[in-house]
Amino acid sequence: MIPWRIALSTADEASVKDPILLVGSIEDNLVKAAHLGYDAIEIHMRENDPLDVNRILKTVEKTKVNISALVTGRLNTIGMCSLIDDRPYAEEAALKGLYRYIDRAHKLSTDLVIGWVKGKIPEGKPKAKYMYKLARNLSSLDDYADLHQVKLFIEVINRYETNIFNTCRETLDFITQHQFKQLYVHLDTFHMAIEEANAVEAIREASHYLGYIHFADNNRHFPGDGRLDFFEILRALEDINYQGYISVECLPIPEREVAASRALNNIKDLCEAL
Ligand code: LER
Ligand code: MN
């Protein structure tokens, strides 16, 4: 069995409708994650949130809990911009914001999740034009990320939230059609339960392009509280020799730390049975 490192989703603030398990300062969340037995936290944050890099790195060293990734969705949901925005100033803001995230990821020795901020194609507009713009912007970000040795994880998200990269196949085709250096596919089992004909096969197809994975059950509860077969999912991850983090990003049901603890127990039990 691969000794996967298990992470969980964190933020400074979140509603109970957000798939966030720990809420508080980065330092406090590192300590809480250590008590829960996690190896890492992923941080949902804004690109300009106050950040005391030295204090965070000291807490990482003390707790032995790493940062699996920074998640950029809030640049889109709160910052209201995207990489394919029709308003040039909004497209520019998304790019600038993502450069800042890459700087931060570099300082914290971690990587970056790009999900909602890639944007949505406006209804009735030609897809090719927007995909061309997306490829051009991702290519600039890829060059910058490569300079800073930061990986970019492109999250595959279901059709009710976005209309680009809804399936693993679509995302793989895009990545393999371009010469990116740091772009990887990021799967999320909750979105896969909606979009993929066969989630396990999709993982096998992603193979070495898979850089990051979110675990939540089909109802977005903690893994094991729905009907996804996480044993088969873990077996597929083992078969493709996946070396990245498994990050639990699920709803705080019944409560944040209870969900976090049950998720970890279930994943560990399944890993032992592999
Ligand atoms: C983010 O990782 C994600 O999965 C989106 O659905 C936003 O919650
Ligand atoms: Mn996700």
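**Chat about a predicted model with a manganese ion**

Me: Starting with T77, where does it lie?
Reply: In this model, which is a predicted one, T77 lies in helix 3.

Me: Is T77 buried or exposed, or something in between?
Reply: T77 counts as partly exposed, because its relative accessibility is 37%, and the cut-off for buried is under 20% while exposed starts over 50%.

Me: And how far is T77 from V117 in space?
Reply: The C-alpha atoms of T77 and V117 are 8.0 Å apart, although 40 residues separate the two in sequence.

Me: Which label does R74 get, buried or exposed?
Reply: R74 is buried, at a relative accessible area of 15%, whereas D12, at 42% relative accessibility, counts as partly exposed.

Me: How many salt bridges does the count come to?
Reply: The count comes to 18 salt bridges. Among them is the one between E47 and R46, with the closest N and O atoms 2.9 Å apart, and both of these residues are buried.

Me: What about R169, which residue is its salt-bridge partner?
Reply: R169 forms a salt bridge with D173, and their closest N and O atoms are 3.0 Å apart. Both residues lie in helix 6 (residues 168-177), four residues apart, or about one turn of the helix. In general, an α-helix has 3.6 residues a turn, so residues three or four places apart point the same way. R169 counts as partly exposed at 38% relative accessibility, and D173 is partly exposed as well, with a relative accessible area of 30%. Elsewhere, salt bridges that share partners join E91, K133 and R136 into one network.

Me: Changing topic, what are the protein donors of the manganese ion?
Reply: The protein donors of the manganese ion (ligand 2) are E155 and E249 through OE, D188 through OD and H214 through ND1, at 2.1 to 2.3 Å from the ion. Along the chain these donors follow the spacing E-x32-D-x25-H-x34-E. One pair of them, H214 in strand 8 (residues 210-215) and E249 in the loop between strand 9 (246-248) and helix 10, links distant parts of the chain, 35 residues apart.

Me: Are H214 and E249 buried or exposed?
Reply: H214 is buried, with a relative accessible area of 0%, and E249 is buried too, at 5%.

Me: Which residues surround ligand 1?
Reply: Ligand 1 is surrounded by P19, W116, E155, E161, D188, H191, H214, R220 and E249. A polar side-chain atom of E161 is 2.7 Å from an oxygen atom of ligand 1. For H191, an N or O atom of the side chain lies 2.8 Å from an oxygen atom of the ligand, and a polar side-chain atom of R220 also lies 2.8 Å from a ligand oxygen atom.

Me: Next, the backbone: which peptide bond is cis, with omega near 5°?
Reply: That is the bond from I253 to P254, and P254 is found in the loop between strand 9 and helix 10.

Me: What is the phi of K64, and where is its place?
Reply: K64 has a positive phi of about 60° although it is not a glycine, and its place is in the loop between helix 2 and strand 4. With a relative accessibility of 68%, K64 counts as exposed. M80, also not a glycine, has a positive phi of about 55°; M80 lies in the loop between helix 3 and helix 4 (88-107) and counts as exposed at 58% relative accessibility.

Me: Last one, which residues of helix 1 are buried?
Reply: The buried residues of helix 1 (residues 26-36) are I26, E27, N29, L30, A33 and L36. What covers them includes strand 1 (6-11), helix 2 (53-63) and helix 10 (256-273). Just after helix 1, G37 takes a positive phi of about 95°.

Notes
Residues numbered from 1 in each chain as written. Chains lettered and ligands numbered in written order. Predicted model: local features only at pLDDT ≥ 70, side-chain atom pairs only at ≥ 80, totals over all residues. Heavy atoms only, no water. Buried < 20%, exposed > 50% of the residue type's maximum accessible area, 1.4 Å probe, protein only. Helix = DSSP H or I, 4+ residues; strand = E, 2+ residues; numbered from the N terminus. Contact = heavy atoms within 4.5 Å. Donors = N, O, S within 2.8 Å, 3.2 Å for Na, K, Ca; no water. Salt bridge = Lys/Arg side-chain N within 4 Å of Asp/Glu carboxyl O. Near = heavy atom within 4 Å. Polar contact = N/O pair within 3.5 Å; in protein donor to acceptor, adjacent residues only side chain to side chain.
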